[in-house]
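Have the viewer ready as you read.

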Amino acid sequence: MIRPILACPDPYKAAEEFAAAGWNIDFSQPPESGDPLVGVSLCGNSVLLGVTNGYVPDDQLPHIGCGVEIYMTVPADRIQRLYENHLMLKPTELSVQPWGDKAFEVRIGGYRFMIAAAK
């Protein structure tokens with residue numbers, strides 16, 4: 001299983017954006033722990049939200065997530081509802097892709113996600 005750690009200027013604030021779109025907050029390390037890390041998930045797909053400090057230079061923050069898209073599969077019977085939950089983030093249209101999956105793309109915390117349901 002792959003579980004990416006996404007570097008965020010503020011993982012706690014980023015987690016709020018994910019939660020507002022219906023993602024689960026699985027755990028959150030206390031800020032004073034010295035390891036600011038938040039786990040979020042959607043339909044069994046999970047990512048970790050970590051800090052940029054030490055991983056992304058300050059002058060590169062505008063390019064966070066550049067060139068990466070995280071592809072997540074979800075149950076077909078939930079795709080419409082998940083799409084509606086993400087509308088505030090201005091996703092692409094929910095549509096059938098050339099390979100047959102129904103999917104939409106959305107940017108959260110500077111990262112691109114394609115959320116898809118197999119036909």
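Is F18 buried or exposed, going by its relative accessibility? With a relative accessibility of 1%, F18 counts as buried, since the cut-off for that label is under 20%. Do keep in mind that this is a predicted model.

Now look at what surrounds that ring. A pair of aromatic rings is described by the distance of the centres and the angle of the planes. The structure holds 4 aromatic pairs. In one of them, F18 meets W23: the ring centres are 4.8 Å apart and the planes stand at 80°, so this pair is edge-to-face. W23 is buried too, at 4% relative accessible area. F18 also pairs with F113, with 5.7 Å between the centres and 90° between the planes, so this pair is edge-to-face as well. Because F18 sits in helix α1 (residues 11-20) and F113 in strand β8 (residues 111-117), the pair ties together parts that are 95 residues apart in sequence. F113 is buried, at 0% relative accessibility. Through these ring pairs, F18, W23 and F113 form a cluster.

Next, turn to the sheet. Four strands make up an open sheet with mixed pairing, in the order β1-β4-β3-β2. The edges belong to β1 (5-8) and β2 (24-28); each has a single partner strand, so one side of each lacks a neighbour in the sheet. From one strand to the next, the twist averages 30°. Strands β2 and β3 (residues 38-42) run antiparallel and are joined by 4 bridges, and N24 stands opposite S41 in β3.

Finally, back to the helix: α1 packs on this sheet, touching β1, β2, β3 and β4 (45-51), and its direction makes about 150° with that of β4.

Terms used. Residues are numbered from 1 along each chain as its sequence is written. This is a predicted model: local features need pLDDT of at least 70, side-chain atom pairs count only at pLDDT 80 or more; totals for chains, interfaces and linings use all residues. Side-chain values use heavy atoms; hydrogens and water are left out. Rings of Phe, Tyr and Trp (its six-membered ring) pair if their centres lie within 6.5 Å; planes under 30 degrees apart count as stacked, over 60 as edge-to-face and the rest as tilted. Buried means under 20% relative accessible area, exposed over 50%, partly exposed in between (1.4 Å probe, protein chains only). Helices (H or I, at least four residues) and strands (E, at least two) are DSSP runs, numbered from the N terminus. Two strands pair if DSSP finds at least two bridges between them. Axes are lines fitted to C-alpha atoms, for helices over the stretch in contact, and angles run from 0 to 180 degrees between N-to-C directions. Contact means heavy atoms within 4.5 Å.
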